[in-house]
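Please read the note below with the model open beside it. The points are numbered so that each can be checked in turn.

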Amino acid sequence: MNVAVRLDRAAGLLAGQIYRQLRDAVLDGRLRRNEALPSSRELAEQLKVSRNTVTAAYDRLVAEGYLTSRAGAGTFVTTLSLMEPVLSQLPSGPLTPRAALQSMPVPPDFGTAPEFDFRVGAPDARLFPYAAWRRLLADQFRLSAVGTGMPVEPAGHFGLRTAIARHLRTARFIETNPQDVLVTCGVQQALDLIGRVLLEPGATAAVEEPGYAPPRLVWEAQGARVIGVPIDEQGLIVDALPADARLVYVTPSHQYPTGVALSLRRRVELLAWAQRHDAAIVEDDYDSEFRYTEQQLEPLRSLDRSGRVLYVGSFSKVLLPTLRLGFLLHPPSLRHALHAAKFLTDWHTGLPIQAAMADFVEQGVFAQHLRRVRRVYRQRHERIAAALAGPLSAHFTAVPSTAGLHLSATVREATVADALVRAQAAGIGVAGFSEIATAAPDSPGIVFGYGMIDARRIDEGLARLHQCLDAA
């Protein structure tokens, strides 16, 4: 029983007090149907009253139908249909939050999926290797693995940091060492830590526009001045960067949400700009594991010779969103400050999950999983690309892209926005740039995510979208 009984001994009639409090708990749903109550002896000991006092209260509740007594089993809340729990209406209180957080948007629950799920930002949970993960995670809950159960250093599990460094060297051509890898609870925490370490209140940060919203939100909440910088077919326009920017956030391998790649010329220009202006670059390589051509784009971090690029990545966006596991590769000069900031935030990310992920990578399960899902996502990518080049070409112009978990397209007609509203109402989960990114409300673009939709559902979903467009 999860309901406390409080007795006022000066008021007398203790059995009546027990009766009323248990009755009220049943009526308002704090005690749920079929929930077991403690025995009369046990409750009497807890309340320091005679057993007869409790028995009298129980007998009255049974007689009135609130409880039922089962011989040899105990006393339970009746199975009659009772009221659902009523939440207490507490006073709002006089405290007010900081202004920056007062109007900050809070993401909705993404659990309810549309019939045709073209939402962007997540891989297919059905493809995750659950059996292998359960085995590896179970191994971490043995005494030999837990050890003393004490926290580790803020940077995280050294085995996972070693595995991440090795993976980055082999898969992304980034030379690094485990000492400069910091394990985080996803990319969002990495961005928060970077802001804490590099942005004084009032400092300027630059982000892509249209672009990924969380960097702007977190740095504005920390008191920074965040400026949007336009992109074109070559990615971020370096010449448009504000001269006083302390750091620049980019998604160079697969710009979010347009999908363009930052050209080599722009990469070199951006690195030179950062060196001239004594600025940092935050490179978010959020879905680079999914590339469908042999040609690999070098990350900014691998071109960096002056230690100005902070590279962030995420297992959540590659494997399973609910893992909340990411990493930050940082220059050695920021090591102490970032470790201190991580300690102040949450000490370190959950250790059993880190250790399991280390084995997941080291035992080759991660690489095997990536090879398998690349084939699946490539098929989905090609189906959407074919539709954009075929039936949907009258309404959209596809943005060339050979990577990631979404395809973007620019809109040919102003009426498409109204058609998208009808499409969403018809169960087609597509979104325009302005709905998922920081951009002007009239940004003429649409994003087709294919991380969560089965290939067999793509054709029908796009056919329905076509009908909505033709009816506009």
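**Notes on pockets, cavities and helix packing**

1. Helix 14 gives the largest share of the lining of the second largest pocket, namely seven residues. Helices (H or I, at least four residues) and strands (E, at least two) are DSSP runs, numbered from the N terminus. The model is predicted, so local features need pLDDT of at least 70, side-chain atom pairs count only at pLDDT 80 or more, and totals for chains, interfaces and linings use all residues. Residues are numbered from 1 along each chain as its sequence is written, and side-chain values use heavy atoms, with hydrogens and water left out.

2. The second largest pocket has a volume of about 480 Å³. Its lining has 23 residues, and those nearest its centre are His 167, Ala 171, Glu 289, Leu 370 and Arg 374. Two or more lining residues come from each of helix 7 (158–171), helix 13 (351–362) and helix 14 (365–389). On a 1 Å grid over the protein atoms alone, a pocket is an open set of points with protein on both sides within 12 Å along at least five of seven lines, a cavity is a set of points where a 1.4 Å probe fits but cannot get out, and lining residues have an atom within 4 Å of a point. Grid points are joined across faces, edges and corners, and a volume is the space filled by probe spheres set on the points.

3. How do the residues lining the second largest pocket divide by class? Seven are nonpolar, six polar and ten charged. Here Ala, Val, Leu, Ile, Met, Phe, Trp, Tyr, Cys and Pro count as nonpolar, Asp, Glu, Lys and Arg as charged, and the others, Gly among them, as polar.

4. A search of the whole structure finds two cavities of 30 Å³ or more. The largest cavity has a volume of about 150 Å³. Of its 17 lining residues, His 167, Glu 289, Ser 314, Val 318 and Phe 327 lie nearest the centre. Strand 11 (309–314) and helix 7 each supply at least two lining residues, and strand 11 gives the largest share, four residues. The lining has ten nonpolar, four polar and three charged residues.

5. The second largest cavity has a volume of about 30 Å³. Among the residues that line this cavity are Glu 208, Thr 251, Gln 255 and Leu 262. By class, its lining has five nonpolar, three polar and one charged residues.

6. Two packed helices are described by the angle between their axes and the distance between the axes. Helix 14 and helix 17 (455–470) have axes that come within 9 Å and cross at roughly 15°. That angle makes helix 14 roughly parallel to helix 17. Axes are lines fitted to C-alpha atoms, for helices over the stretch in contact, and angles run from 0 to 180 degrees between N-to-C directions. Angles under 35 degrees count as roughly parallel, over 145 as roughly antiparallel, 65 to 115 as roughly perpendicular and the rest as oblique.

7. On the helix 14 side, Gln 379, Arg 380, Arg 383, Ile 384 and Ala 387 meet Ala 455, Arg 456, Ile 458, Asp 459 and Leu 462 of helix 17; contact means heavy atoms within 4.5 Å. The residues of this contact are five nonpolar, one polar and four charged.

8. Helix 15 (residues 416–425) also packs against helix 17, at an angle of about 130° and with the axes 8 Å apart. Helix 15 is therefore oblique to helix 17. Residues in the contact include Leu 420 and Arg 422 of helix 15 and Leu 465 and Cys 468 of helix 17. Seven of the contact residues are nonpolar, none is polar and one is charged.

9. Helix 5 (residues 130–139) packs on helix 13 at about 125°, with the axes 8 Å apart, and the two are therefore oblique to each other. The contact includes Trp 133 of helix 5 and Phe 360 of helix 13. Its residues are eight nonpolar, no polar and one charged.

10. Some backbone details remain. The peptide bond from Glu 209 to Pro 210 is cis, with omega near 0°, and Pro 210 lies in the loop between strand 5 (204–209) and strand 6 (211–212). Tyr 256 and Pro 257 are also joined by a cis peptide bond, with omega about 10°.
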